[in-house]
Every structure is written in structure tokens, then in C-alpha cells.
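Please keep the sequence and the model in view while reading.

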Amino acid sequence: PDSFIGLGLVYETQANFDGAINVFSTAAHLDNTRNDGLLNIASVQLQQNDLTGAIATYQQAIQTRPDDPEAYLALGQLYQAQLKLDEARAQLQKAVDVAPQSGLGWEGLGNYYLQLSDVANAFKNYRQSVAVEPGYLP
């Protein structure tokens, strides 16, 4: 699947979105223990302003790998950008719940609270990000 992901990234760089989606789909089907194919499909869908498709792809990634915080984080960030704040917080919290020792989810929650101007909770979550993963640099 790594070669397919690489090829898809080349297609994506060239704005060949159909080609990118095709090879990312192949990667996803070749190894359903990984989410990078699906996450890359969603990224292309976002570039095409296909928000509905991206949400469905992130949800598929979550069903495929419910232990992968990246899919929850990406879906939460998309909801946050759409100002669907309840849905955003729920997905960001799930990212933390499935991988509490990863700085990624805590940073996502920090960004969420910062957007709400809730500096105290933003600080708490950013601090937790660094506490669980001292080498993590957002």
C-alpha cells in the first residue's frame, strides 16, 4: 500500500484528483488495517469541496479502525470548521479517548477550546499534549 499512497500523493500534487482517489482506494482495499488510504481520500474530497463525501470517508475510516485517533481528529476538525461544535467536540474527545498517550488528540481539543476563546481549557489540553508526549511538537 505504501507505493499506492506515494503514487496517490503525486497525483494529488498534480491535481489529478480522480487518479489520486483511485490509487488511495486501492491502498485502502489492499490493507484494511491501515487508514492512510481513506484519510487521503478524504483529504482529496476536501480539496474538491466535497464535504459530504469527506465526512462519509472519515466515518468509514472510523468504522475500519475505531482505535485510530487520526480519523476522529480529522472529522472533529472538519466539524469545527463547519461550526458544528457539539459534533466537533465529541469527535475530538474520542481521539483522546482512543489514544490518551498521543499529543495529537489533546492538541485538537486545545485548538477547539481556543476557537471558543476558552483559554483555560485550551491551556489545559495543550499542556496535557506536552505531558503525555514531551517530544511532540504541534
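The model is predicted. Its largest nonpolar core has 34 residues, and those with the most contacts inside it are Phe-24, Val-44, Tyr-58, Leu-75 and Leu-109. At least two residues of this core come from each of the helices H2 (17-30), H3 (36-47), H4 (51-64), H5 (69-81), H6 (85-98), H7 (103-115) and H8 (119-132). H5 gives the most, with seven residues. In soluble globular proteins, nonpolar side chains tend to be buried together.

Tyr-58 touches Leu-39, Ala-42, Ser-43, Leu-46, Ala-71, Ala-74, Leu-75 and Leu-78, leaving out residues up to four places away in sequence.

Val-44 is found in helix H3 and counts as buried, at 0% relative accessibility. Not counting residues up to four places away in sequence, Val-44 touches Glu-12, Phe-17, Ala-20, Ile-21 and Phe-24. The C-alpha atoms of Val-44 and Ser-129 are separated by 28 Å, with the two residues 85 apart along the chain.

Gln-45 also has its place in helix H3. With a relative accessible area of 11%, Gln-45 is buried, because that value is under 20%. A polar atom of the Gln-45 side chain lies 3.4 Å from the backbone nitrogen of Ala-54. Neighbours within four places in sequence aside, Gln-45 is in contact with Asp-50, Gly-53, Ala-54 and Thr-57.

## Aromatic pair

The structure holds one aromatic pair. The ring centres of Tyr-112 and Tyr-113 are 5.1 Å apart and the ring planes stand at 75°, so the pair is edge-to-face. Tyr-112 and Tyr-113 are both buried.

## Salt bridges

There are three salt bridges in the structure. In one of them Arg-34 pairs with Asp-2, the closest N and O atoms being 2.6 Å apart. Arg-34 lies in the loop between H2 and H3 and Asp-2 in helix H1 (residues 2-13), so the pair ties together parts that are 32 residues apart in sequence. Arg-34 is partly exposed at 24% relative accessibility, whereas Asp-2 is exposed, with a relative accessible area of 54%. Arg-34 also forms a salt bridge with Asp-36, with the closest N and O atoms 2.5 Å apart. Asp-36 is partly exposed, at 25% relative accessibility.

The side chains of Arg-65 and Asp-67 meet in a salt bridge of 3.0 Å, N to O. Arg-65 counts as partly exposed at 23% relative accessibility, and Asp-67 as partly exposed at 45%. Salt bridges that share partners join Asp-2, Arg-34 and Asp-36 into one network.

Note on methods
Residues are numbered from 1 along each chain as its sequence is written. This is a predicted model: local features need pLDDT of at least 70, side-chain atom pairs count only at pLDDT 80 or more; totals for chains, interfaces and linings use all residues. Side-chain values use heavy atoms; hydrogens and water are left out. Rings of Phe, Tyr and Trp (its six-membered ring) pair if their centres lie within 6.5 Å; planes under 30 degrees apart count as stacked, over 60 as edge-to-face and the rest as tilted. Buried means under 20% relative accessible area, exposed over 50%, partly exposed in between (1.4 Å probe, protein chains only). A nonpolar core is a set of buried Ala, Val, Leu, Ile, Met, Phe, Trp, Tyr and Cys residues joined through side-chain atoms within 4.5 Å. Helices (H or I, at least four residues) and strands (E, at least two) are DSSP runs, numbered from the N terminus. Contact means heavy atoms within 4.5 Å. A polar contact is a pair of N or O atoms within 3.5 Å; within protein, one must be able to donate a hydrogen and the other to accept it, and residues adjacent in sequence count only if both atoms are side-chain atoms. A salt bridge is a side-chain nitrogen of Lys or Arg within 4 Å of a carboxyl oxygen of Asp or Glu.
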